[in-house]
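Subject: Handover of a structure with two ligand sites

Dear colleague,

I am passing on the structure below, together with an account of what was found in it. Please read the account with the model open beside it.

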Amino acid sequence: MRLPVPVKVGLFALVVMGAYTYYANSIPQIQSKPPEELSLEGGNVTPEQLVAAGEKIFKDKGTCEICHKIGQKGTRAPDLAGVGAIAAKRRAGVGAKGYLVESLLDPGAFLVEGYPNIMPRVDRPPIGLNRSELWALAAFLQSQGGTVDITLDDIPKTAGAQAVGGGAQAAELKLPGDAKAGQAVFSGKGACIACHKAGALGASPVGPELTQIARIQTPEYIMGKILNPAGMGTVAGYPPGVMPATFGQTLTAREYLDLVSFLLTLKGDGAATAKR
Ligand code: HEC
Ligand code: HEC
């Protein structure tokens with residue numbers, strides 16, 4: 001079978017992407033920091049303590065605030081002010097508790113109008129919350145305009161099973177790409193800096209800032225976004241069709257892998273200079 005060259009390159013990039021996605025998921029996560037985990041299993045905790053713990057998770061480990069700003073509309077994710085009450089009306093047959101838990105564990109099951117399906121499952125890397133943390137977080141969400149009555153039993157027993165050792169904030173994903181070379185692609189051939197800021201690199205507000213992208217998004221999303229931006233949905237608040245859809249043709253597989261490795265180093269510590 002003869003294929004035009006760009007199609008071949010595109011296919012190759014997709015195969016490479018598939019292989020590395022598999023690889024990324026199958027290798028053990030290396031912990032760089034001792035995990036800080038909340039455990040409430042079996043313990044007594046008042047609703048106030050639960051909500052306070054949930055608020056902390058919302059701001060820190062959950063990274064929710066990077067996308068959701070409570071009391072602020074027009075950001076890349078819905079304003080969660082009043083979500084404790086809104087949750088009861090979202091889905092017929094699913095109560096408020098059920099909806100809130102679902103929105104954390106299966107965000108794509110119901111999409112808030114006007115938003116793409118880009119919220120990651122929060123019990124999986126890179127966020128990786130455990131069952132106690134999910135419980136506290138759901139209680140915090142209920143406290144936004146609703147009644148806090150969620151119990152640990154409302155969180156499925158299987159939830160957070162992949163949050164071993166505190167999830168991916170403490171984990172390093174090692175791809176065989178060269179992050180340093182990927183940084184050069186970001187600033188050079190890929191011209192990503194024409195539209196994106198990433199730490200100290202670039203300043204353009206045309207596309208979303210990528211400084212913390214590896215804390216909030218999966219490698220699958222990042223990889224897919226580079227090859228097929230429209231296919232991954234359009235980040236709310238940004239115009240569709242502006243991010244070029246041609247990187248699968250213009251970048252070599254090597255450059256693509258290096259670029260992804262670089263993006264996976266972007267965890268918001270401001271250090272956008274990749275180490276080898
Ligand atoms: C990468 C950005 C991103 C991150 C990180 C993120 N969310 Fe979301 N979230 C979204 C988007 C976009 C939607 C709307 C689409 C949908 O319904 O899935 C959403 C929807 C929701 C909803 C449903 C709101 C409603 O009005 O029905 C809840 C609840 C929610 N998120 C909670 C959280 C919590 C809690 C965290 C942190 C653990 C979090 N999200 C992390 C992007 C994000
Ligand atoms: C001409 C401007 C432009 C260029 C060049 C560009 N992008 Fe984008 N990019 C955007 C816009 C606009 C969005 C938001 C709309 C959307 O989702 O398509 C976006 C979204 C993204 C996202 C999703 C961010 C998020 O928060 O979910 C990633 C990742 C991304 N771009 C990576 C890249 C990389 C890597 C390059 C270089 C290879 C690049 N972009 C080049 C305009 C651009």
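**Findings**

C64 is buried, at a relative accessible area of 14%, where buried means under 20% relative accessible area, exposed over 50% and partly exposed in between, computed with a 1.4 Å probe on protein chains only. C67 also counts as buried, with a relative accessibility of 16%.

Before going further, please note that this is a predicted model, in which local features need pLDDT of at least 70 and side-chain atom pairs count only at pLDDT 80 or more, while totals for chains, interfaces and linings use all residues. Residues are numbered from 1 along each chain as its sequence is written, chains are lettered from A and ligands numbered from 1 in the order in which they are written, and side-chain values use heavy atoms, with hydrogens and water left out.

As to the chain, its secondary structure comes to eleven helices and two strands, these being DSSP runs numbered from the N terminus, with helices (H or I) of at least four residues and strands (E) of at least two. Read from the N terminus, the order of elements is α-β-α-α-α-α-α-β-α-α-α-α-α. The chain has 276 residues, of which 45% count as buried. Zero disulfides are found in a search of the whole structure, a disulfide being a pair of cysteine sulfur atoms within 2.5 Å.

Ligand 1

Around ligand 1 there are 27 residues, the closest being C64, C67, H68, Y99 and M119; a residue is near a molecule or strand if one of its heavy atoms lies within 4 Å of it. This shell divides into 20 nonpolar, five polar and two charged residues, where Ala, Val, Leu, Ile, Met, Phe, Trp, Tyr, Cys and Pro count as nonpolar, Asp, Glu, Lys and Arg as charged, and the others, Gly among them, as polar. The helices α3 (64–67), α5 (96–105) and α6 (131–142) each supply at least two residues of the shell, and the largest share, three residues, comes from α5.

The iron atom of ligand 1 is coordinated by H68 through NE2 and by M119 through SD, at 2.0 to 2.2 Å, with donors taken as N, O and S atoms within 2.8 Å of the metal (3.2 Å for Na, K and Ca); water is not among the atoms, so sites may look incomplete. H68 lies in the loop between α3 and α4 (83–90), whereas M119 lies in the loop between α5 and α6, so the pair ties together parts that are 51 residues apart in sequence. H68 is buried, with a relative accessible area of 11%, whereas M119, at 32%, counts as partly exposed.

A polar side-chain atom of H68 also lies 2.8 Å from a nitrogen atom of ligand 1. On the backbone side, an N or O atom of F110 is 3.2 Å from an oxygen atom of the ligand, and a polar backbone atom of V112 is 3.0 Å from an oxygen atom of ligand 1.

Ligand 2

Ligand 2 has 25 residues around it, with C192, C195, H196, K225 and M243 coming nearest, and its shell has 18 nonpolar, five polar and two charged residues. Both α9 (219–227) and α11 (253–263) supply at least two residues of this shell, and α9 gives the most, with three.

Here the iron atom is coordinated by H196 (NE2) and M243 (SD), at 2.0 to 2.1 Å. H196 is placed in the loop between α7 (179–187) and α8 (213–216), and M243 in the loop between α9 and α10 (247–250), so the pair ties together parts that are 47 residues apart in sequence. H196 is buried, at a relative accessible area of 10%, while M243 is partly exposed, at 27%.

An oxygen atom of ligand 2 is 2.6 Å from an N or O atom in the side chain of Y221, and a polar side-chain atom of R76 lies 2.8 Å from an oxygen atom of ligand 2.

With regards

Conventions. Polar contact = N/O pair within 3.5 Å; in protein donor to acceptor, adjacent residues only side chain to side chain.
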